[in-house]
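Me: I have a model open and would like to go through some of its local features with you. Shall we begin?

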Amino acid sequence: MSSELELLAQIGLNFELSEEHRMFQQVVREFAQKEIAPVAAHYDETGEFPWETVRKMAAMGLMGIEVPEAYGGQGLDAIASALAMIEIAKADAAHSTVMSVNNTLFCFPILTFGTEEQKRKYVTPVATGQAMGAYALTEPQSGSDAAGIRTRAVRKGDVYILNGRKSWITNGPVADYIVVFAMTDPEKKHHGISAFIVETDRPGFSRGKKEEKLGIRASATCEIYLDNYECPVENRLGEEGEGFKIAMTTLDAGRVGIAAQAVGIAEAAYEAALAWAKQREAFGRKIGEFQAIQWKLADMRVKLEAARLLTLQAAWKRERAKRTGERYTLEAAMAKLFASEAAQWITYEAIQIHGGMGYSREMPVERYFRDARITTIYEGTSEIQRLVIARQILGLKTSL
């Protein structure tokens, strides 16, 4: 009789990671637990950008996981990227946010839509850790309504003059290069948006104050301002009017990364709660012996594993899309929606299992709880994910 794995192979299913993926996962896990986990609470407390550990991440190639070796990256696949996000987020969500922005929000759109010169000039330094990237779509009056941006780009000869204000820009305070979206033809609405690569050391670019956030506090965030910023035509990413397509394609990739981040946070919270249930005593017994706690742990584990499978499925579909060109919008949205809400619920229950100690900053579960909250908001709120999913399954046209 065939083995279980042989049977799975016969019907086209295999839930086992490859040996290469397992080895990569283990290397990242050991690094994250040794270098990041011990300093996570410090950076959360101070809100400082963790330059030292970020540089170590870059030295390991974690800022360009899917970037081809020709441009300074590791040349690995989307599954490896998701696995790395899980392990880094499990140690500290803020570090995984920095990594996510560089990999998917900055390098991905340039690799997908950029020229050869743009890839070498901008992707290589970010993938190798010599520079930091960012992505600027959101504005004060346009978050979920991405088509409602007001930043303008007017072409004058060999340059575009950019004017506008972008908000909630992750990596904004430290970025050397930013993919910025601006209106080149307002009458065309979302078809009039174009994308540009902005160098932050040029005149006309400035940054606002660093935001003080509830969670992922070591991930630097700020507003950016463009005041008659002159962007060379060769720094336009793609063609005029392709900006919205570039933005949404990039967010599909980014949502897989945020799903993986949510899985990592949830896994850390679940493991902390499980360990606490095994050691904490009440009424003369370990609290893990009480049915109320057992049911919480059981539900936490189910949600965690479901989130993991949805995330890896989306990563697999994203990798396949590189060859087939098919969209994975539905899978990315489902993974992001479920994983982020599962992380929020699991971290809540982890605090509940810890009781009063869970509410104390002496324990990491309160940080997991705060960090998990953002995963239901950025790169598309849960409400937007539900809208995207509904329109996909109903076959409705959408501009999202």
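Me: Is Leu396 buried or exposed, or something in between?
Reply: Leu396 counts as partly exposed, because its relative accessibility is 47%. Buried means under 20% relative accessible area, exposed over 50%, and partly exposed in between, with a 1.4 Å probe and protein chains only.

Me: Where is Leu396 found?
Reply: Leu396 is in the segment after helix H11 (382-394). Helices are DSSP runs of H or I with at least four residues, numbered from the N terminus.

Me: Which residues form the nonpolar surface patch?
Reply: Ile393, Leu394 and Leu396 form it, and together they have about 340 Å² of accessible area. Such a patch joins nonpolar side chains (Val, Leu, Ile, Met, Phe, Trp, Tyr) within 5 Å, from residues with over 30% relative accessible area and no salt bridge. The areas come from the Shrake-Rupley method with a 1.4 Å probe, only the protein chains shown counting as cover for residues.

Me: What should I keep in mind about the source?
Reply: This is a predicted model, in which local features need pLDDT of at least 70 and side-chain atom pairs count only at pLDDT 80 or more, while totals for chains, interfaces and linings use all residues. Residues are numbered from 1 along each chain as its sequence is written, and side-chain values use heavy atoms, with hydrogens and water left out.

Me: Changing topic: how many salt bridges are in the whole structure?
Reply: The search finds 34. A salt bridge here is a side-chain nitrogen of Lys or Arg within 4 Å of a carboxyl oxygen of Asp or Glu.

Me: Which residue pairs with Glu341?
Reply: Glu341 forms a salt bridge with Arg386, at 2.9 Å from N to O. This pair links distant parts of the chain, 45 residues apart: Glu341 is in helix H9 (residues 329-354) and Arg386 in helix H11. Glu341 is partly exposed because its relative accessibility is 28%; Arg386, at 42%, is partly exposed as well.

Me: And what about Arg370 and Glu366, buried or exposed?
Reply: Both are buried. They form a salt bridge whose closest N and O atoms are 2.9 Å apart, and they lie four residues apart in helix H10 (residues 365-374), about one turn of the helix.

Me: Last one: why does the length of H7 agree with expectation?
Reply: Helix H7 (residues 243-279) has 37 residues, so at 1.5 Å a residue it should span 54 Å, and its end C-alpha atoms are 54 Å apart. The expected span is 1.5 Å times one less than the number of residues. H7 is mostly covered, with 31 of its 37 residues buried.

How values were computed. Helices (H or I, at least four residues) and strands (E, at least two) are DSSP runs, numbered from the N terminus. Patches are made of residues with over 30% relative accessible area and no salt bridge: like charges are joined within 9 Å, nonpolar side chains (Val, Leu, Ile, Met, Phe, Trp, Tyr) within 5 Å.
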